[in-house]
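I opened the model to look up the fold of one chain. My notes follow.

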Amino acid sequence: MAIDTRQAIDTRQAMDTRHKVLLFGAAAAVRLLLFTVFPALPDLLAGRVDVSTPVTSFKRLQEGVFLYTHNVSPYDGGVYHQAPLLLPLFSLLPNPAHAPLATNVFYTAVDLASAHALAQVADSGFASVTPWFASPRRHLRWSSAAIAAGFLFNPFTIATCLARSTSALTNLAILTAMAKASQGASFTFILAAAFAAYMAMHPILLFPPLTILLYHARTRNSKTTPSVSPFVISHTLGFCTAIAALLTGSAFLTRSWDFLSATYGVRLLLPDLTPNVGLWWYFFIEMFDSFRDFFLAVFWLHAASYMPGLTIRLHKQPLFVACTLTGVFAIFTPYPSIADAALYLSLVPMFRHLFPLMRYTFLASASILYTSFLGPAFYHLWIYAGSGNANFFYAITLVWSLGLSVILGDSLYAALRDELDVERPELRDKEVRRI
Amino acid sequence: MLSSLFFLLVNAWLVGAAASADYHERLLLRPLPQDTLLASFNFRSNESAAAFEQQNFGYFPRSFGQILQHAHAKELHLRFSVGRWDAENWGQRPWSGGREGGTGVELWAWLEADTEDEAFARWLKLTNALSGLFCASINFIDATKTIRPVMAFAPEGQHSNASRLHLLHGTLPHEVVCTENLTPFLKLLPCKGKAGISSLLSGHKLFDASFQTMAIDVRPTCEEGSATCALEMEQTVDMVLDLARAKRPKDDPIPRPLPIDQLECDTSKPYNAHDSCYPLNKGTQPAWTLEEVFGRPLKGACPLTGQTGDEADNLCINIPPERTVEVKTSGEVSESRLVADTLRCYKLPTGADVDLVLPEQKMATDLVRPKPGVFAARSINGHGQERGSIQAVISNPSTTEAVEIVYLESLPWFMKPYLHTLRARLDTTAESPIKETYYSPAVDRKRGTHLELRLRIPPASTLTLTYDFDKAILRYTEYPPDANRGFDVAPAVIRVLSPQARDHRGIYVRTTSLLLPLPTPDFSMPYNVIILTSTVMALGFGNIFNLLVRRFVAVDEVPITAAGGIKGRVLDKAYRLKALVLGG
């Protein structure tokens, strides 16, 4: 009997591995095929405002690398706002204008690595079961291969990969941090989380929930509970050390600290108002000059305020908190793109057990769908055809943000309802009220 | 070939005059093809450096001299320009382009300062003072419009302490040059437009010209081998007038068709009806007089000019020897013919009106206009308000000599060029023409782009320079009232390094300015945007906050005060009132 079970598990694992190899091969083939069959597509996508933002654009990265290799500081200018460590990395790759293959393979590999990390997170099962919480609907789940496929064949992910936006690297760092936290690997988790924060700044907010996730993973792996204070202090110190090391290395590399204001300063102060799918750009175009600083502070406080509340209320489900925070980033940060939305929408299927409790799935998915078609059309009307004005595109970004925040709120409701079913099983499937 | 040699001689003769007296002025007239006339006014005054330091200005205008002293400007060049020089038809530019400016206002100066910050502070002083003096918006030349060129400009004067000098350059391509700039310009002259050739300058004609540029140049000059230095101030006005347009009477400036009986038709062509007319190309030079073209009489010579030597000839006209010129005056005019009779110069009488009358004449020979050393054109490619590319086409017409040029671009910060897309292609060879690059990228709202390239163009070759740029979207308060007209981009300045210039002015070519359309927001609805965005954020935040702070209970457990409906609200009010009364 036991042997049979083991055999069954073995065959299932073998099947899974075969599935994964097939899946990753297909995803890589799709990407490389698109790169080679439509050679103009990457540059077209790299120029789209919904795919590339001023802080992730590949064209700006190329300019930065060009200036860096010609001994002009890329941070002494208004074009390059990305992390300094990308400069030596991309100066090693051959010039994508003449030999794009290396860059294409690199970005394909980044996507595959992200999908692998996502599959690891899904495999860990922390989405529905943690040492302090087990969802009554935990049997409802999709296989990790299906979740990875949802990431790899998401059109938003493919567009990000083809546009060679550096948010693909940020997403990889975030997913790796989640995967390592769910496996209980402290060192690699700290490294990945620090790299994500170094690349895009706002992922620093993911550190507290992911540290809790790491704590849960440690508890589950060792069957003993590590004491909290030394655990938190050592990991926070490690995280700060890693970030300090990355920043010092960057300063050493560029021989000045100018990059701080050119990268994080730009994200904080929003001098570049290029349109994107977020809420900030049009608001700060139209904002009165005397209130600009006040509203910048308010918007940043607002974006950061979700982390403490969610972490405290849902400390038993840290993975859900981290996932919801990526959704917050996709809506409320200054330079969001569809890459951020792709990350969030790929993490949501891990919480398959919450789907029966969600109420507005049709509304949210319909609004996301229709904005992804109307957004480019309205942008064209404004910028190229001249038959619409900025309000057209602005209205679509509003609906897009609204759609994402409906998913966010709805999944949060479902998660809380799910917790209630554990606390008070007698209320299951009954109508409840919030007071 | 012979004629172009004459031309060079004309230039050399005009330039090489020694600084024997303190003030000189000269007007050179030269008919150009398509019935246009180039009028080059040149006014020059000298003052010894020692006297200048002691506030003893002589012919040097006091208001201007004090500005220079206040800002520690050792050499200064200021240009006001409108229109385009049509190099294909008109040939080489006046003064080889050395006294020309880009469309709008262009200013560059060498300032004495110990540090770059001090130099910039003095530059701001200078621009503000000049702005007041010339009634122009020169004070809008701020850090975003100022660059520090490294190769494109060389000092014209001899400077003793060159290491402490800082060159700053600023342009205002949007500035509309008009009469209010001419009046202070004329006030700087010793005769102030009351007498001498400056009495011809009127705003009506100057700003109606197809091309006009006003220049002020101040430079220190030192005699070879002696320690005495002087400060030279040169004011030039170059204008190209359309003769037919300029001759329209002041009281009836609207062009009207001639009566049918006055039309001269080409009768050699076949006609079907009597109401049509092929205009007759008579192949003649049109008739004109000075007073007709400039709209006012030439009021003799300025009495302050030197009365002896070559410099005493104030009015010169560069025409073929066979052309008839009649001088009408009540005073005494002496004529001298120079450079194989192609240049006629007149010494004007003081206090008597002078007029030149040229009748309509059929010419057998014509002057050959020398070709410019370099042709340049620049344009914006692409459509839409998101991005575009710049294309500059520079050609070397010489079949024997290569030219070496410096190409200078000063771009506004909201135009973001990508240097990695810069391509320079020659149509004759695959060799890269770029010999040297200087690039200082723009910083949003702080600094504009500054690009300088040293290029070498082989004989009979055309260079095409392209690069991509992005158009930034601005805050709504940063747009001008006519936001959809677009923003002006300053012309590119091209300095020819070799073949070398024959005088201190150098050889320059400037392209036309460009119009850059930027994406515009809706200017009418800041409140709506603030309200709508805040609503979406409030919906997101409110929903999540509500979920986080509230507690779930079953429907039947809801306390009556928290229940909705009229009953609940009434009961709630009653409870509160009771609490208030009891508490009070």
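Of the 584 residues of chain B, 40% count as buried (20 or more other C-beta atoms within 10 Å of the residue's own, with C-beta atoms placed from the backbone). This is a predicted model, where local features need pLDDT of at least 70, side-chain atom pairs count only at pLDDT 80 or more, and totals for chains, interfaces and linings use all residues. Residues are numbered from 1 along each chain as its sequence is written, while chains are lettered from A and ligands numbered from 1 in the order in which they are written.

Next, overall form. I found 11 helices and 28 strands in chain B (DSSP runs numbered from the N terminus: H or I of at least four residues, E of at least two). The radius of gyration of chain B is 32 Å, well over the 25 Å from the globule rule for 584 residues, so chain B is more spread out than a compact globule. That radius is taken over C-alpha atoms, and the rule is 2.2 Å times the number of residues to the power 0.38. I boxed the C-alpha atoms of chain B along the principal axes and got roughly 115 × 80 × 60 Å.

Then I picked a sheet. In chain B, four strands form an open sheet in the order 17-18-23-20, with antiparallel pairing (at least two DSSP bridges between two strands). Strand 17 (375–381) and strand 20 (415–426) of chain B are the edges; each has a single partner strand, so one side of each lacks a neighbour in the sheet.

Last, one pair. Strand 18 (residues 387–396) and strand 23 (residues 461–471) of chain B pair in the antiparallel sense over 10 bridges. A392(B) stands opposite L465(B) in strand 23 of chain B.

Note on methods
Buried ≥ 20, exposed ≤ 12 C-beta atoms within 10 Å, placed from the backbone.
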